[in-house]
Amino acid sequence: MKTTRQGDRFIPFTKSDVLYMCLKDAKLPDTDEEAFKGFYRILEALFHYEFHGRLEKLKACYNPFNPDADTRHITHYSDSEKKELRTRLVAEMTDVLIAANFEKITKEDLIQALDEESLFQISLKVNFSDFEDVIFFRRGSHIKEETLVKFYGLRKKTFQFTNFDRVAIFLTFKDKAYFERQRRKNLNFEPGSTIIKLFHNVPKADLEMLFPNSKVRMKTIDKIILGVPAAISGIMVLVTKLGASLLLIGSVISFWLGYKNEEVHINPQHLVAIGAGLAALGGFLFRQINKYKNRKIKFLKTLSENLYFKNLDNNMGVFYHLIDAAEEEEIKEAILAYYFLLTDRQPLTKEELDRRIENWLVEKWDCNIDCNYSA
């Protein structure tokens, strides 16, 4: 599988690596290296303190909606207070995601993903009307090339697709009254609940598999694979097993309706033949239903296996993950900016600082990113 990285704001190095890269550049006098390391430690402590406060804000906003909470709620919130807390939660989480260099996935991107061919050969349907809020963010974008093997190795297809390193989702279902009006029961989610999840290594064409209400549906080729053999087998069962029985039943009905004057006599042998034919038909229908169910179970198994290995964190745990990522990104950006302003010996505009860092990362470390100091 081939991979090509696209320009992104995310810096794919750890903060300690960025410090090492700056020191290895050897533009600082030996006497300034220790001072530079000291500045790095102070910067690290300041950002850690700031983002700890932001984490506490996220936890406070999410507290009434957390389905995994193991603590008791002393404060009881009204519907209007919950709505305000959810609005603040969305705003706070969006700010943290942007600080972590995530980019928003628009509704148009999601619709396009639904129309593209799935990498896992699964067709899914998502009912967007079930949600009050649908917020998707992604970080890290690659163009990958992969070869799919079809028809037991008889056909190979090579194609390119966009792959996201990280995808964060925030989903709020509509309230219980909405689903009661729709007369929908046996839901696999809690109406009115808020779901926060973090995934990694997600193809753009498969974003729909991240929705908790996605339903597997048959592709045209799957319908043909099941339908054509079923139709042929059905005709054979009707001709070989039920042919004589259908003629006999037709004669009886014709006599009852007055279309035939000759009385039809049914003996035990006829009843045995009719019973055998009906049993054969029942067995045939049972096998076809099982084939359909087994194929659907196979698709669901593929979906669940992929989600299992792509899931990084859920609900409250996502906040800790994102806060850490945002803190790292802010430190890396700050230390790079400080290093280049310190070593350049002349004033730099924001645009010039962007270009210097981008060119340095490409030339020295073979890394193509899009700096955003000028934003």
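This is a predicted model: local features need pLDDT of at least 70, side-chain atom pairs count only at pLDDT 80 or more; totals for chains, interfaces and linings use all residues.
Local features were taken only at pLDDT of at least 70 and side-chain atom pairs only at pLDDT 80 or more, whereas totals for chains, interfaces and linings use all residues. Residues are numbered from 1 along each chain as its sequence is written, and side-chain values use heavy atoms, with hydrogens and water left out.

Helices and strands are DSSP runs numbered from the N terminus (helices: H or I, at least four residues; strands: E, at least two). Helix α1 spans residues 15–24. Its buried residues are Lys15, Val18, Leu19, Met21, Cys22 and Leu23. Buried here means under 20% relative accessible area, exposed means over 50%, and partly exposed lies in between (1.4 Å probe, protein chains only). Just after α1, Ala26 adopts a positive phi of about 60°.

The whole structure holds 14 aromatic pairs. Rings of Phe, Tyr and Trp (its six-membered ring) pair if their centres lie within 6.5 Å; planes under 30 degrees apart are stacked, over 60 edge-to-face, and the rest tilted. Phe36 and Tyr338 are stacked, because their ring centres are 5.9 Å apart and their planes meet at 20°. Phe36 belongs to helix α2 (residues 30–62) and Tyr338 to helix α9 (residues 316–343), so this pair ties together parts 302 residues apart in sequence. Phe36 is buried, at 2% relative accessibility. Tyr338 is partly exposed, at 31%. Tyr339 and Phe340 pair edge-to-face, with 5.5 Å between centres and 90° between planes. Both Tyr339 and Phe340 are buried. Ring pairs join Phe36, Phe39, Tyr338, Tyr339, Phe340, Trp360 and Trp365 into a cluster.

Two charged side chains sit over rings. The criterion is NZ of Lys or CZ of Arg within 6 Å of the ring centre and within 35 degrees of the ring normal. Arg86 lies over Phe65, 4.4 Å from the ring centre. Lys174 lies over Tyr178, 4.6 Å from the ring centre.

A nonpolar core is a set of buried Ala, Val, Leu, Ile, Met, Phe, Trp, Tyr and Cys residues joined through side-chain atoms within 4.5 Å. The largest has 53 residues. Phe36, Met93, Phe102, Phe319 and Leu322 touch the most other members. Elements giving two or more residues include α1, α2, α3 (79–99), β4 (131–150) and α10 (350–365). Helix α9 gives the most, with 13 residues. Contact means heavy atoms within 4.5 Å. Beyond four places away in sequence, Phe102 touches residues including Arg9, Phe137, Arg166, Leu198 and Leu322. A second, separate core has 22 residues, among them Ile105, Leu110, Phe164 and Tyr178.
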